[in-house]
Amino acid sequence: MSVASITGRALIGVGLGPVPGDFEMVEVGTALAVFFFLPWCYLKGGHATVDLFYMHLPKPMKWLVDTFSDVIMLVLWLALTWMLWEGMLEKREYFETTFILQMPVWWAYALCMVGAVIGCLSYIAKTLIQFGLAKYPPGWTVESTGGH
C-alpha cells in the first residue's frame, strides 16, 4: 500500500496520485496482522527469548518460568480482548469514522476481535498444554528456542 501510494505521488505528472486513505488502510492492516499472527507465533514457539539465565536453570525452574509466562500472557490477552470489546462498542455507539475513507472505525475493531478471541483460545490452549491437561495436535511443530 505504501509503495503504491508513494509511486502514485511520484508520478503525479502522468496522471497518477497517492492512494486515498493509504495510512488508514495500513493502520487497520497492521492491527489485523498483530491480532492474527501473535497467537500463531506463540503456539509455534516463535517469540523471541532471552536465554542468558534460562538455559542454566534446572528443569523444574524452566517449567516454572514457562508456566508463569504462559499464565501472564493469558491474563494480558484476556484483558486486551476485554478492552478491545469495550472500545469497539464505544466506537460503534458514537459512529466514529476514519478521516479520509469515512469507514466506521468499529469495523476494524470487530475484525480485530476475531483475532483477539482466537488469541485467547491459543493462550488458553498453551496454558493447558503447559499443565499437561492438553496436547499439541499430531504433527504440530514447535520451535525449541529454549523458553520465554
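# Burial, aromatic pairs and the nonpolar core

Tutor: In this predicted model, T81 belongs to helix α4, which covers residues 59-93.

Student: Why is T81 called buried?

Tutor: Its relative accessibility is 9%. Burial requires a value under 20%, so T81 counts as buried.

Student: Which residues is T81 in contact with, leaving aside neighbours within four places in sequence?

Tutor: T81 is in contact with M113, A116 and C120. By contrast, the C-alpha atoms of T81 and I100 are separated by 27 Å, the two residues being 19 apart along the chain.

Student: What makes the approach of the T81 side chain to the backbone oxygen of W77 a polar contact?

Tutor: A polar atom of the T81 side chain lies 2.8 Å from that backbone oxygen. The cut-off for a polar contact is 3.5 Å, and the distance of 2.8 Å falls within it.

Student: How do you know that W77 is buried?

Tutor: W77 has a relative accessibility of 5%. With the limit for burial at under 20%, W77 therefore counts as buried. Apart from neighbours within four places in sequence, W77 is in contact with F35, L38, P39, G115, A116, G119, C120 and Y123.

Student: How many aromatic pairs are there?

Tutor: The count comes to six aromatic pairs. One of them is formed by Y42 and Y123, at 4.3 Å centre to centre and with 35° between the planes.

Student: Why is the pair of Y42 and Y123 called tilted?

Tutor: Ring centres must lie within 6.5 Å to pair, and here they are 4.3 Å apart.

Student: What makes W77 and Y123 a tilted pair?

Tutor: Their centres are 5.0 Å apart, with 35° between the planes. The distance is within 6.5 Å and the angle lies between 30 and 60 degrees, so this pair is tilted. It links W77 in helix α4 with Y123 in helix α5, 46 residues apart. F35, Y42, W77 and Y123 form one aromatic cluster.

Student: How do you know that Y123 is buried?

Tutor: The relative accessible area of Y123 is 0%. That value is under 20%, so Y123 is buried.

Student: What makes K126 a charge over the ring of Y42?

Tutor: The charged end of K126 sits 5.6 Å from the ring centre of Y42, and the distance cut-off is 6 Å. K44 likewise lies over the face of W140, at 4.3 Å from the ring centre.

Student: Which residues make up the largest nonpolar core?

Tutor: It has 11 residues in all: F35, Y42, L74, W77, L84, M88, C112, M113, A116, C120 and Y123. The elements giving two or more residues to this core are α2, α4 and α5, and α5 gives the most, with five.

Student: How does the reach of α5 compare with the expected span?

Tutor: With 26 residues, α5 reaches 37 Å from its first C-alpha to its last, close to the 38 Å expected. Just after α5, G132 takes a positive phi of about 80°.

Student: Why does S122 count as buried?

Tutor: S122, found in helix α5, has 7% relative accessibility. As this is under 20%, S122 counts as buried. Not counting residues up to four places away in sequence, S122 touches P39 and L43.

How values were computed: Residues numbered from 1 in each chain as written. Predicted model: local features only at pLDDT ≥ 70, side-chain atom pairs only at ≥ 80, totals over all residues. Heavy atoms only, no water. Helix = DSSP H or I, 4+ residues; strand = E, 2+ residues; numbered from the N terminus. Buried < 20%, exposed > 50% of the residue type's maximum accessible area, 1.4 Å probe, protein only. Contact = heavy atoms within 4.5 Å. Polar contact = N/O pair within 3.5 Å; in protein donor to acceptor, adjacent residues only side chain to side chain. Lys NZ or Arg CZ within 6 Å of the ring centre and 35° of its normal. Expected span 1.5 Å × (residues − 1). Core = buried A, V, L, I, M, F, W, Y, C linked by side-chain atoms within 4.5 Å.
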